[in-house]
Amino acid sequence: MQEKNDDRRAFIKKACVLCAGMAGGLSIASLLTSCVSLPRVKSDVKNNTAEIPLSSFVENKMVIIVPKHYYYDILVIKKSDTEYTALEMKCTHQDNMLVPSSKGLNCTLHGSSFDFNGKVTEGPAIRNLRTFPVEISDNKISVRNVPTDY
Amino acid sequence: MKPFYIKIFLFLLISSLFLTFTTQAQVVTKEDSLNAGLTKPVPGQNTVISGYGQGQYQRDIKLDSATANLPRIVMFFGHRFSRNISFFSELEIEDVKVSGGEPGGEVAMEQAFLKFNLNRDMYLVTGLFLPRIGIINENHLPTTFNGNERTMVETILIPSTWRELGVGLYGTSRRITGLNYNIALVNGLNSQGFGVEGMGIREGRWEGRNAAAKNLALTGALLYYVGGFRIQTSMYYGGSTPFRNSTADTLQLHSGAFGSQVLLNEANIQFRSKGLVVKALAVRTNIKDAGRINAAFGNNAPQTMLGAYLEFGYNLLALARNKEKFESKALVVFSRYETLNLNYKMPVNGIRDTYLNQQHWVSGITYMPIRGVVLKADYRYSVTGKNVPGISTIPSGPFYTNKGFLNLGFGYSF
């Protein structure tokens, strides 16, 4: 009798674990299918300026600039037709490349997070992200002061 | 008197000349010149020094005893050799003081590895590093978790900080924003240490010290950021027989790279929104040949261990009207429930240690006056099964199945 009860308990436990696993798997799968990758635009850096066409933002509010002579990517966020923010995707804690999500930028190394204004939302990072001046002219977005030495 | 002043003058003159000469003589190598700040740093190179640490006062309410300690002080040294090659290291001193022949205290490298950037989305590490398993193992700075103590589940079941020697590949998906992956090959465990002091596989780690590398382990993780969620799942699959075949045969243990394997599966999820932080983690460890290991070493190794925790935290300053004023501060109230059973399944030759079936409730406050500094106060209420005489490893003094601990402490990282 005791053995039967144990078997039943084990079966119920396994079934619950299986259901939880399936539910988790399904929700992860649905999240994955609903997500979209951010467009990446390569750019030369001349006179410490990276340029990308304004048309890059027709269908997107965020574009990742991949500077040719600089290791870290730059996330450009369209706040309005006249206002853009450019953030260096470099964690201020230990210089790891950041990963974007729909809520901000995250560091996979130690868990730091930043919002789309570059402010720290989760440590251990202490300093906010570096921002670059952005100018709009001739249907181009120009990101200034981009380093080329790394 | 005059000869005395002349002597003093001559002494000072000679001393200053000597000091000048020796100072000049010291700056003869590049290293010395760099240390003295006399040469320009090489473009693209830089050295970083940082660190973290924590201090803790703990009062055992039932036993009416208390301890004060600095559990860990860690110094980080990193150097970037070039755009693609960097060195990272963490030197840890546990319990402040290490004295020969006395228990307690430890000086150890917590990490020491080279990092090679393969491209913008992938990098390789080699050396002593922390595999991506659980939450605390990689993100163990005291400013990043609530409570003075690290979670029990991630101290015993996932033996953080769990570092091994090997090679690891880390990457980020371009196609799916927020998805990250890693896979690593590291040295395996030593089954001789399993079950020791009821600490699961913790005492089976080599931690980089003359690690036997005949047996190996594979670890891998998927980490996904979506919305306010951080979702991760990881596994560890590794051999636990570090001996040569003839020794293993004598002990009747399976040998080879993945002989007498340990399989650890873990998943965790974190959610953050408007001051609310929820963390949940579950882990299962299976030691396939626990019976053979017990027969060989008599260490009462378990076959299966289970553990999980759930934590809610809320930053009260998120309620403030002038949020910008408090953006670098936090006042978090939190509560955590942990359950772990380190003897969930025992082999036929094992003795179930009911003491290792435990629940812990931790509630408290974490105050961050500025980023990088935390002050913590919490209360842990622990319920365990009964101790098994001769088997259970319990703290000294009378045994209770339920105990309360008051913890006060601080932490920093920079």
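Two strands pair if DSSP finds at least two bridges between them; strands (E, at least two residues) and helices (H or I, at least four) are DSSP runs, numbered from the N terminus. This is a predicted model, in which local features need pLDDT of at least 70 and side-chain atom pairs count only at pLDDT 80 or more, while totals for chains, interfaces and linings use all residues. Residues are numbered from 1 along each chain as its sequence is written, chains are lettered from A in the order in which they are written, and side-chain values use heavy atoms, without hydrogens and water.

In strand 13 of chain A, A:Ser142 is the bridge partner of A:Glu51. Strand 3 (residues 49-53) and strand 13 (residues 140-143) of chain A run antiparallel and are joined by four bridges. Both belong to an open, antiparallel sheet of four strands in chain A, with the order 2-3-13-12. Strand 2 (45-46) and strand 12 (134-137) of chain A are its edges, each pairing on one side only.

Chain A also meets chain B. The contact (heavy atoms within 4.5 Å) takes 43 residues from chain A and 41 residues from chain B. About 3,500 Å² is buried between the two chains, with carbon and sulfur atoms giving 52%; buried area is the accessible area (1.4 Å probe) lost on putting two parts together, summed over both.

Four salt bridges are counted between chain A and chain B, each a side-chain nitrogen of Lys or Arg within 4 Å of a carboxyl oxygen of Asp or Glu. B:Arg272 forms a salt bridge with A:Glu122, with the closest N and O atoms 2.8 Å apart. Helix 1 (2-34) of chain A supplies the largest share of the side of chain A that touches chain B, four residues.
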